[in-house]
Protein chains: 2
Amino acid sequence: MEIANEYRHFDANELNDFVSRIFCEKGFGKSDALLCSQVLIAADLRGIDSHGVARLSGYCRLIDIGRINPKPNIKVLRNKGINCSIDADAAIGLVSAPFAMDIALDKLEIMGGGFTTICNSNHFGIAAYHAMKALSFDAIGFSMTNASPLVSPARGKERMLGTNPICLAVPANLQIPFVLDMATSTAANGKLEIASRKKQEIPLGWLMDQNGHASVNPNELKNKGNLLPLGSDKDGGVHKGYGLSAWVDIFSGVLSGANYGPWVPPFVSFLNPIANQPGKGLGHFVGAWAIDGFMEPKTFKARMDHWIKRFKESTPIDTHEPVIIPGELEHNQQINRLKNGIPLHTEVIADLKVLAKSLKTTFIHEK
Amino acid sequence: MEIANEYRHFDANELNDFVSRIFCEKGFGKSDALLCSQVLIAADLRGIDSHGVARLSGYCRLIDIGRINPKPNIKVLRNKGINCSIDADAAIGLVSAPFAMDIALDKLEIMGGGFTTICNSNHFGIAAYHAMKALSFDAIGFSMTNASPLVSPARGKERMLGTNPICLAVPANLQIPFVLDMATSTAANGKLEIASRKKQEIPLGWLMDQNGHASVNPNELKNKGNLLPLGSDKDGGVHKGYGLSAWVDIFSGVLSGANYGPWVPPFVSFLNPIANQPGKGLGHFVGAWAIDGFMEPKTFKARMDHWIKRFKESTPIDTHEPVIIPGELEHNQQINRLKNGIPLHTEVIADLKVLAKSLKTTFIHEK
């Protein structure tokens, strides 16, 4: 467990205000800056701390070296029926993915669905933010992104894939929405960083060393090791996790005109993209299906309520740990953090204070 | 390994002819009978023996007790934009899923995509057959189905989900297509049956007994045990496999008007569907995205060739086991079996001979 006194709590609205000021200072237009802060705060509220304001200083460094364009001129490359592709002009994904999702959502009423690929983009925050935009349209939202290569394919020991998340958001009526937002690797990078900081071993199945041997040492990732696809090994069905991750790479990278596989640019400013790139930046895929092409939305949402209720009531292994629904923990965390504030690690706070000082703005007070 | 002399080889065309005769004898129209045999032979050719002609006698028993309707009147329930839902009138999925996919494919040219839900259906064979129909349309095909409950959710020990497969088929140019066709459980039922027959232990992570304890005894499944979702346990990311399986159940069952979760009807004739069903039969979801709404198909397929080539050339752990692409083993098996025949287990042959005799037709000769 994290040690409580390493954390301070901050009000979500105040933090949102601070983060948007930083993006403004970095050259973003006011509405883009607000959008970026909103996506990051959404991650912190949902408890996905690795994708929240902890990322801000990293983004700033990418802006500083010109890899993220604060004033992008996003262009529609192709737009036929339900499908569309856009070139994000090196925008941050926090801006380009909502732009792309809006194009898709605009098509729901007439065509019943919309899907947009994005190339020439950067990190897009939590996948759930984008897919969940569909919920208020009585639609099922979908989002994926490729990411810096850290994961080996089944049978391989070369970094060929990112943690490549898939998100699906499905509305219900009285129940909370079903929101599956999962990396296609067994474990996300953030879990290894925490274990590394605490000098703890990690479970077998998360990581292999550079020679392709399973390892419990989280530091092997920094030593040219690889994260493993969901399934971890042959008996565990690693070819399935590899296949899912490949799907994300094909939709986000190959189909969009972005880079794919080992060419996906690194998220960190101190590593340069490798040469002979087959595309532009990294890529995403977002979209939605309107429910009313299949079924009356009211009927569907009542059926989802029934589905959710039945699963939550199914027999648990341990009565203290009931069966839950994808997105339930995150939903509860959001209620908690809206009330009690967002906990930030002292290292993240120090980072944000340095950023504030360098941009001649003030950091906020603890809640 | 299987023992070679337990198998006899049969010519794919002759087997196809025999199987279609059986369906005709069971009351199917000629074209539906041919379609059914084609889907089953496609499974055998691709090496998915569990979903090929080995299923024929089971289907016949479901026809005999009236659960599969040999002369269905399939109805379109709703058809708006790219989306459609059909009631299969208790058709076998081997018939209803191609019917639904044709509706989806017809929409590609005008709208760039098409998706159809199917309720009141039965087992649909291999998911890949349906998704792969999109390949010749320069489209990406997608198919999923829910299935008899055998799998527990994360944290649970109750059978709430089927092995619920997801299939994605993506065309390339010179390379073979990318065809991911995966059960969302760690292992499919067929693997347990083989281990059981051979009195072998299975790897930890495939199965839990009725008390929720991991088990290496394949017979625990018949003793009220559960298959495990991909990821197998908490450290392995079982919540992800559960989430994927739930996705399949929601698209195939909740969205279609079919049954879902524990109410999905069993595939076997000796078990009755449970009472108070929330829908009709079991359900599928099929569809496709046209590539040219995103990118020139020629460009995309060249990029897929490049993607596939790069992955196949990536560094393997063991040089004798190169990295492969989803669908590659099945593609190679098809070439082999078209040439050398389809191997059928002597038990399956005995089953088919009984069927032939009861329907007053003749079985075919070995190749």
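This is a predicted model: local features need pLDDT of at least 70, side-chain atom pairs count only at pLDDT 80 or more; totals for chains, interfaces and linings use all residues.
Figure 1. The bridge partner of L168(A) in strand 7 of chain A is L180(A). Strand 6 (residues 166-170) and strand 7 of chain A pair in the antiparallel sense over five bridges; two strands pair if DSSP finds at least two bridges between them. Helices (H or I, at least four residues) and strands (E, at least two) are DSSP runs, numbered from the N terminus. Residues are numbered from 1 along each chain as its sequence is written, and chains are lettered from A and ligands numbered from 1 in the order in which they are written. Local features need pLDDT of at least 70 and side-chain atom pairs count only at pLDDT 80 or more, whereas totals for chains, interfaces and linings use all residues.

Figure 2. Five of the five residues of strand 7 of chain A are buried, so the strand is largely enclosed by the rest of the structure. A residue is buried if 20 or more other C-beta atoms, placed from the backbone, lie within 10 Å of its own, exposed if 12 or fewer, and partly exposed in between. In a regular strand the side chains alternate between the two faces of the sheet. Both faces of strand 7 of chain A are covered, with F178(A), L180(A) and M182(A) buried on one side and V179(A) and D181(A) buried on the other.

**Figure 3. The open sheet of chain A.** Seven strands of chain A form this sheet in the order 2-3-4-10-5-6-7, with mixed pairing. Strand 2 (75-80) and strand 7 (178-182) of chain A are at the edges with a single partner strand each, so one side of each is left without a neighbour in the sheet. On average, neighbouring strands of this sheet are turned by 10° against each other, direction ignored. Helix 4 (residues 93-106) of chain A packs on the sheet and touches strand 3 (83-91), strand 4 (113-121), strand 5 (139-145) and strand 10 (282-290) of chain A. The direction of helix 4 makes about 155° with that of strand 4 of chain A. Axes are lines fitted to C-alpha atoms, for helices over the stretch in contact, and angles run from 0 to 180 degrees between N-to-C directions. Two residues are in contact if their C-beta atoms, placed from the backbone, lie within 7 Å.

**Figure 4. P265(B) in its loop.** P265(B) is found in the loop between helix 8 (238-254) and strand 10 (282-290) of chain B. P265(B) is buried, with 23 other C-beta atoms within 10 Å. Not counting residues up to four places away in sequence, P265(B) touches S148(B), N259(B), P273(B), G281(B) and L282(B). The C-alpha atoms of P265(B) and N146(B) are separated by 9.8 Å, although these residues are 119 residues apart along the chain.

**Figure 5. The contact between chains A and B.** The contact takes 69 residues from chain A and 69 residues from chain B. Helix 9 (residues 297-312) of chain B gives the largest share of the side of chain B that touches chain A, seven residues. Of the interface residues of chain B, 100% are also interface residues in chain A, so the copies meet through the same surface.
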